[in-house]
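My entries follow in the order in which I looked.

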Amino acid sequence: MNATLQSAAADALTFDDLSAGYGDTTVLRNVNGSVRAGEVLCVLGRNGVGKTTLMRALAGFLPLMGGRVAFGPLDLARRPPHARLSAGIAYGPQEDIVFTELSVGDNLRLHLRDDDLSRYARYFDAFPRLKERTAQRAGSLSGGERKLLAFTRTLALEAPVSLLDEPTEGVQPENIDRMSGLVRMRAEAGARFVIVEQNLSFVLQTADQVLLLDHGAVVAGGPIAQFPREALEDHLAV
Ligand SMILES: Nc1ncnc2c1ncn2[C@@H]1O[C@H](COP(=O)(O)OP(=O)(O)OP(=O)(O)O)[C@@H](O)[C@H]1O
Ligand SMILES: [Mg+2]
């Protein structure tokens, strides 16, 4: 970890008054949130409310129309995606998550300077199907298995901040529980997570904080213990 990361290690990822959209259309308006070291923030909202737009804005793939994004003392609002990754912010998008023509192994090696897949041992233990299929084309995986591959690649970066957009979409329940366990393990080690999620049991197992979005705005947020189950259910896709 470099000096900048160390100084930011105890700090929060914060976004405030954030607005973003496409062309002339503003999708997100004045959205606020933060996630501290060791915390998991789950973002909930029905289809089309702007969850992915928020993740793209935090990851730097969509310019802000207004507001601020910072990691500790680092102002990230005008930094491109690669600079945010260097600052310790990893992003696992909702779609187009694997290179289908490459093998599973090469998907896991692409960003590495060496060939060593041993760093994935913990993930291969949790998801043996991935290990069995390292030599096969990633395009031969099911949608849920591709999600596991992308999740594994992102989590194994051991970034101080991970932004995960619907990581459990199409994943089998037992593997969803394992994903939750792996996220909690990283959080206990001090990592921060912002996770867009539609799966209530994953949210209940994993989140410290929730942010409920509707029509591009925050309708509620805070420690998950403050929210009755029905209040969370109201903000999940039916
Ligand atoms: N590239 C784009 N260009 C124009 N409008 C877009 C674009 N991407 C998304 N939108 C619009 O922005 C709004 C929010 O979309 P977004 O993908 O952020 O929603 P979401 O909450 O992630 O939905 P889902 O639950 O389906 O993933 C929608 O009205 C969508 O049509
Ligand atoms: Mg989305």
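**Helices on the sheet**

I began with helix α2 (residues 51-59) in this predicted model. I found that α2 lies across β3, β6, β7 (161-165), β8 and β9 (209-214), and that it runs at about 150° to β7. I then turned to helix α8 (residues 173-188), which packs on the sheet and touches β3 and β8. The direction of α8 makes about 150° with that of β8.

**The sheet**

I next traced the strand order. The sheet is open and has six strands, ordered β6-β7-β8-β3-β9-β10, with mixed pairing. At its edges I noted β6 (89-92) and β10 (217-223), each of which pairs on one side only. From one strand to the next, the twist averages 15°.

Which residue of β8 is the bridge partner of Cys42? I found Ile195.

**Ligand 1**

I listed 14 residues around ligand 1, of which Asn47, Gly48, Lys51, Thr52 and Thr53 come nearest. Helix α2 contributes the most to this shell, with four residues. By class, I counted three nonpolar, seven polar and four charged residues in the shell.

I then checked side-chain N or O atoms against oxygen atoms of the ligand. For Lys51, a polar side-chain atom lies 2.7 Å from an oxygen atom of ligand 1. The corresponding distance is 2.9 Å for Thr52 and 3.1 Å for Gln94. Taken alone, ligand 1 exposes 640 Å², and the protein buries 58% of that.

Technical notes:
Residues are numbered from 1 along each chain as its sequence is written. Chains are lettered from A and ligands numbered from 1 in the order in which they are written. This is a predicted model: local features need pLDDT of at least 70, side-chain atom pairs count only at pLDDT 80 or more; totals for chains, interfaces and linings use all residues. Side-chain values use heavy atoms; hydrogens and water are left out. Two strands pair if DSSP finds at least two bridges between them. Helices (H or I, at least four residues) and strands (E, at least two) are DSSP runs, numbered from the N terminus. Axes are lines fitted to C-alpha atoms, for helices over the stretch in contact, and angles run from 0 to 180 degrees between N-to-C directions. Contact means heavy atoms within 4.5 Å. A residue is near a molecule or strand if one of its heavy atoms lies within 4 Å of it. A polar contact is a pair of N or O atoms within 3.5 Å; within protein, one must be able to donate a hydrogen and the other to accept it, and residues adjacent in sequence count only if both atoms are side-chain atoms. Accessible areas come from the Shrake-Rupley method with a 1.4 Å probe; for residues, only the protein chains shown count as cover. Ala, Val, Leu, Ile, Met, Phe, Trp, Tyr, Cys and Pro count as nonpolar, Asp, Glu, Lys and Arg as charged, and the others, Gly among them, as polar.
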